[in-house]
Amino acid sequence: MIFGAASSGGKVEIPKDSSARDRQAIAGIKAAMGSSSASSLLECEFPALEQLNKLGDGSLRSAKEAEQANLDFVMKLIKELKPVPFLGPRVWLLTSSASSKSFNSAAAMKSKAAGAVYHSLRNGLPTDVDGGDIVLLLNPSSRGDYSAAKTVAFSEVSTSVVIINGFAKDQKSVPGSATMAYYYKPLTYNSQIAGYLIRKFPEKWTTIDAATKETVLVTSDNDILVKGTNTPDLRNSVRAIQKAFDTRAIMERKSRT
């Protein structure tokens with residue numbers, strides 16, 4: 001762990017908006033796919049909506065907005081992986097067995113337009129995935145969904161599988177052998193966003209102060225991931241942000257006296 005490293009001009013920066021975040025996420029995913037050190041099972045996790053308070057309000061409108069934002073992102077990703085429809089690698093878009101019919105219809109239509117193959121896990125596992133194919137699993141939300149991702153990723157054909165913004169994860173959902181290609185998490189302190197934890201493969205996990213834009217903590221997979229999982233333990237990142245926030249507040253008070 002490295003404390004106090006400045007992030008100005010560094011490789012990991014706070015994205016200024018959702019478009020910048022999407023570019024950052026896609027870069028991390030593509031880097032992981034091209035790396036021999038990464039797993040065939042990749043994960044990408046970030047808040048789909050810019051307004052964080054909408055994510056937990058439980059309203060149908062917010063859920064629809066989140067679905068649309070996730071689908072918009074995965075279409076951007078498909079276009080990056082397959083710039084010309086019907087050429088290049090075969091890309092699959094898989095949706096959760098719990099996804100609504102309306103969402104599945106929209107996903108199927110957009111996948112076809114982008115030259116990707118659509119499949120709903122409501123219908124079980126796809127049976128004709130080949131080596132060299134890329135499988136994108138959007139918003140898995142059940143044990144069966146996560147099991148499907150592992151089955152395809154660790155099959156004999158060694159297909160790249162990317163889990164995008166999974167729901168209802170537990171410690172068995174995504175194994176420790178997976179690779180976090182991209183992770184973006186706002187960190188709160190005193191009821192406000194005080195920092196961010198970002199992992200963009202192949203860089204390490206980077207905790208950045210929201211006010212100063214400085215890196216306050218850099219962490220490796222071994223130090224941050226909960227044992228046996230692909231889930232980060234946020235406690236050290238939160239402590240680093242709290243320390244930076246409190247130190248700045250003390251210095252500001254001293255400057256006024």
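This is a predicted model: local features need pLDDT of at least 70, side-chain atom pairs count only at pLDDT 80 or more; totals for chains, interfaces and linings use all residues.
We can begin with helix 1, which runs over residues 18–33 and, with its 16 residues, reaches 22 Å from the first C-alpha to the last, close to the 22 Å expected at 1.5 Å a residue. At the start of this helix, the backbone nitrogen of serine 19 has a side-chain oxygen of aspartate 17 within 3.2 Å. Further along, several residues of helix 1 are buried, among them Ala25, Ile26, Gly28, Ile29 and Ala32.

Helix 4, residues 143–153, has Asp145, Tyr146, Ala148, Ala149, Val152 and Ala153 as buried residues. Because they cover an arc of only 155 degrees around the axis, these residues lie on the same side of helix 4. What covers them includes strand 2 (41–45), strand 5 (134–138) and strand 6 (160–164).

In the loop between helix 4 and strand 6 we find threonine 159, which counts as buried because its relative accessibility is 0%. Not counting residues up to four places away in sequence, threonine 159 touches Val152 and Ala153, and its other contacts include Ser40, Val129, Ile134 and Val135. Aspartate 130 is also touched by threonine 159, and here the threonine side chain reaches the backbone oxygen of aspartate 130 at 3.3 Å.

Conventions
Residues are numbered from 1 along each chain as its sequence is written. Side-chain values use heavy atoms; hydrogens and water are left out. Buried means under 20% relative accessible area, exposed over 50%, partly exposed in between (1.4 Å probe, protein chains only). Helices (H or I, at least four residues) and strands (E, at least two) are DSSP runs, numbered from the N terminus. The arc is that of the directions from the helix axis to the C-beta atoms. Contact means heavy atoms within 4.5 Å. The expected span of a helix is 1.5 Å times one less than its number of residues. A polar contact is a pair of N or O atoms within 3.5 Å; within protein, one must be able to donate a hydrogen and the other to accept it, and residues adjacent in sequence count only if both atoms are side-chain atoms.
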